[in-house]
Amino acid sequence: MSPAHTPAPLAGRLNQAQPYALGLFRIVVGLLFACHGASSLFGVLGGAMGGGGTVPAGTWPGWYAAVIQLVAGVLVLAGVGTRSAAFLASGSMAYAYFKVHQPESLFPLQNGGEGAALFCWSFALLVFTGPGALALDRLFGARTATGAKTRDEQEQQGTPVAA
């Protein structure tokens with residue numbers, strides 16, 4: 001085979017797919033998080049805590065957590081305000097872990113907090129990486145009102161960006 005027809009190394013192909021893998025990760029995590037909120041607020045998908053019911057409106061912290069789960073989950077799923085929504089979602093899961101699970105035992109496997117810990121760190125990752133591909137922000141907010149490239153576009157294209 002000639003050098004021009006040599007297949008790209010695996011790392012190169014994986015790097016090309018990275019935005020799409022990140023976008024798929026964001027969609028799945030957002031959907032799962034939104035389902036938790038919907039089940040607690042509306043009694044669907046097994047209801048609150050799998051008991052078929054709903055969390056009473058306005059109760060602390062359950063109802064507020066469910067609202068954050070539903071709203072932030074939908075925003076992350078759609079890729080709208082991903083970093084802000086992910087920051088709020090990550091914080092709410094950190095709160096849930098340290099207030100509800102960690103007092104029972106130190107390790108997530110022992111205290112039932114694996115879900116809270118995984119959601120917390122998954123959303124923290126999205127705060128730093130952004131939404132990846134397939135995000136609505138990229139469709140509607142790709143350019144500023146003046147038509148200039150946004151900071152994200154400049155960074156993705158390797159254009160130097162002033163701090």
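The turns below set computed values against the definitions behind the words.

Q: What kind of model is this, and how are its residues numbered?
A: This is a predicted model, where local features need pLDDT of at least 70, side-chain atom pairs count only at pLDDT 80 or more, and totals for chains, interfaces and linings use all residues. Residues are numbered from 1 along each chain as its sequence is written, and side-chain values use heavy atoms, with hydrogens and water left out.

Q: What makes up the secondary structure of the protein?
A: The protein has seven helices and zero strands. From the N terminus on, the order is α-α-α-α-α-α-α. Helices (H or I, at least four residues) and strands (E, at least two) are DSSP runs, numbered from the N terminus.

Q: Why is Ser-39 called buried?
A: Buried means under 20% relative accessible area, exposed means over 50%, and partly exposed lies in between (1.4 Å probe, protein chains only). Ser-39 has a relative accessible area of 9%, so Ser-39 is buried. This serine lies in helix α1, residues 10–42. Buried residues make up 31% of the 163 residues in the protein.

Q: What does Ser-39 touch, not counting residues up to four places away in sequence?
A: Contact means heavy atoms within 4.5 Å. Ser-39 touches Val-44, Leu-45, Gly-47, Ala-48 and Gly-53.

Q: Why is Gly-43 called partly exposed?
A: Its relative accessible area is 24%, so Gly-43 is partly exposed. Gly-43 sits in the loop between α1 and α2. Leaving aside neighbours within four places in sequence, Gly-43 contacts Ala-38, Gly-52, Gly-53 and Thr-54. The C-alpha atoms of Gly-43 and Val-55 are 8.3 Å apart, with the two residues 12 apart along the chain.

Q: Which peptide bond is cis?
A: The bond joining Trp-60 and Pro-61 is cis, with omega about -10°. Pro-61 is in the loop between α1 and α2.

Q: How many aromatic pairs does a search of the whole structure find?
A: The search finds seven aromatic pairs. Rings of Phe, Tyr and Trp (its six-membered ring) pair if their centres lie within 6.5 Å; planes under 30 degrees apart count as stacked, over 60 as edge-to-face and the rest as tilted.

Q: Why is the pair of Trp-63 and Tyr-64 called edge-to-face?
A: The ring centres of Trp-63 and Tyr-64 are 5.1 Å apart and the planes stand at 85°, so the pair is edge-to-face. Trp-63 is partly exposed at 25% relative accessible area. Tyr-64 is partly exposed too, at 37%.

Q: Why is the pair of Phe-119 and Phe-123 called stacked?
A: The ring centres of Phe-119 and Phe-123 are 6.0 Å apart and the planes are at 15°, so the pair is stacked. Both belong to helix α5 (residues 114–129), four residues apart, which means about one helical turn separates them. Phe-119 counts as buried at 13% relative accessibility. Phe-123 counts as buried at 0%.

Q: Which residues form one aromatic cluster?
A: Trp-60, Trp-63, Tyr-64 and Tyr-95 form it.

Q: How many disulfides does the structure hold?
A: The structure holds zero disulfides. A disulfide is a pair of cysteine sulfur atoms within 2.5 Å. Cys-35 has 28% relative accessibility, so Cys-35 counts as partly exposed. Cys-120 has 13%, so Cys-120 counts as buried.

Q: Which residues form a nonpolar patch on the surface?
A: The patch consists of Val-71, Leu-75, Val-80, Leu-136, Leu-139 and Phe-140, with about 560 Å² of accessible area together. Patches are made of residues with over 30% relative accessible area and no salt bridge; like charges are joined within 9 Å, nonpolar side chains (Val, Leu, Ile, Met, Phe, Trp, Tyr) within 5 Å. A salt bridge is a side-chain nitrogen of Lys or Arg within 4 Å of a carboxyl oxygen of Asp or Glu. Accessible areas come from the Shrake-Rupley method with a 1.4 Å probe; for residues, only the protein chains shown count as cover.

Q: Which helix gives the most to the nonpolar patch?
A: α6 does, with three residues. α2 (62–78) and α6 (136–140) each supply at least two. Leu-139 lies in helix α6. Its relative accessible area is 64%, so Leu-139 is exposed.
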